[in-house]
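Reader: I've got the model open and a few things to ask. Can we go residue by residue?

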Amino acid sequence: MVLETISRIIKVQLPAYLKRLPLPETVTGFARLTVSEWLRLLPLLGILALLGYLTIRPFLPKKKKQRDSLINLKIQKENPKVVNEIDIEDLNSANVCYCRCWRSKTFPVCDKSHLKHNELTGDNVGPLILKKKIL
């Protein structure tokens, strides 16, 4: 039933529709078309525009999935997250974490914004952790 309907549309109704379209013989003939003739052409022009777009779409530049881009391009890419720890004897508190992703709302102190950044971009940037050296 469905295939019969599709077959009828393609074999009978589509050719009849195309024969009734007011297609001018020359390019300048389009300027002489009336509003009602343009309205009759509208569905065909819409389908042609859609097919044209779908044809060139694979060749259009790809949009980024997220607005963020990678920060870390080459440092320790084999690790899930780059974290460096440095022991400092004269540090006042036990641990201090500094931001390296530039997205912290408390910059220069890390607020773990790198977690969202890494999830969105596939990057592996992490904080710089300064630890007080215990003697």
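Reader: Start with S104. Buried or exposed?
Author: S104 is buried, because its relative accessible area of 10% is under the 20% cut-off. This is a predicted model, so keep that in mind throughout.

Reader: Where does S104 lie?
Author: In the loop between β2 (95–98) and α3 (113–121).

Reader: What does the side chain of S104 reach?
Author: The backbone nitrogen of T106, at 3.1 Å. A polar atom of the S104 side chain also lies 2.6 Å from the backbone oxygen of V109.

Reader: And which residues does S104 touch, not counting those up to four places away in sequence?
Author: C99, V109, C110, D111 and S113.

Reader: W102: buried or exposed?
Author: Exposed, with a relative accessible area of 65%.

Reader: What about phi of K112?
Author: Near 70 degrees, a positive value in a residue other than glycine. K112 lies in the loop between β2 and α3. K112 counts as exposed, at 57% relative accessibility.

Reader: On to N118. Where does it lie?
Author: In helix α3. N118 is buried, with a relative accessible area of 12%.

Reader: What does the N118 side chain reach?
Author: The backbone oxygen of V125, at 2.8 Å. Leaving aside neighbours within four places in sequence, N118 is in contact with K81, D123, N124 and V125.

Reader: Where is the kink in α2?
Author: At L42, shortly before the proline P43. The kink is about 40 degrees.

Reader: What does UniProt list for residues 38–56?
Author: The UniProt record, an unreviewed entry, lists residues 38–56 as "transmembrane region". In the model, the chain over residues 38–56 is 100% helix and 0% strand. The end C-alpha atoms of that stretch are 26 Å apart.

Reader: How about α1, what span should it have?
Author: Helix α1 (residues 2–20) has 19 residues and should span 27 Å at 1.5 Å a residue. Its end C-alpha atoms are 26 Å apart, which agrees.

Reader: Where is the kink in α1 centred?
Author: On I9, with an angle of about 35 degrees.

Reader: Now L41. Buried or exposed?
Author: Buried, at 1% relative accessibility. L41 is found in helix α2.

Reader: What does L41 touch, not counting residues up to four places away in sequence?
Author: L21, P22, L23, F30 and L33.

Reader: How are L41 and L18 placed?
Author: They are 23 residues apart along the chain, and their C-alpha atoms are separated by 9.5 Å.

Reader: You mentioned P22. Where is it found?
Author: In the loop between α1 and α2. P22 is buried, with a relative accessible area of 14%.

Reader: Which residues does P22 touch, not counting residues up to four places away in sequence?
Author: L33, E37, R40 and L41. The C-alpha atoms of P22 and I47 are separated by 16 Å, with the two residues 25 apart along the chain.

Reader: Next, N84. Buried or exposed, or in between?
Author: N84 counts as partly exposed, at 27% relative accessibility. N84 is found in strand β1 (residues 84–88).

Reader: What is N84 in contact with?
Author: Q76, R100, P127, L128 and I129, leaving aside neighbours within four places in sequence.

Reader: And where is I6 relative to N84?
Author: The two are 65 Å apart in space, C-alpha to C-alpha, and 78 residues apart in sequence.

Reader: Last topic: where is confidence lowest and highest?
Author: In the protein chain, confidence is lowest in β1, at a mean of 71. Confidence is highest in α2, at 94.

Reader: What's the mean pLDDT of the chain?
Author: It is 85, and 90% of the residues reach 70 or more.

How values were computed
Residues numbered from 1 in each chain as written. Predicted model: local features only at pLDDT ≥ 70, side-chain atom pairs only at ≥ 80, totals over all residues. Heavy atoms only, no water. Bend = angle between axes of the 7 residues up to and from the residue. Helix = DSSP H or I, 4+ residues; strand = E, 2+ residues; numbered from the N terminus. Buried < 20%, exposed > 50% of the residue type's maximum accessible area, 1.4 Å probe, protein only. Polar contact = N/O pair within 3.5 Å; in protein donor to acceptor, adjacent residues only side chain to side chain. Contact = heavy atoms within 4.5 Å. UniProt positions renumbered as here; feature names shortened; annotations may be inferred. pLDDT = per-residue confidence, 0-100. Expected span 1.5 Å × (residues − 1).
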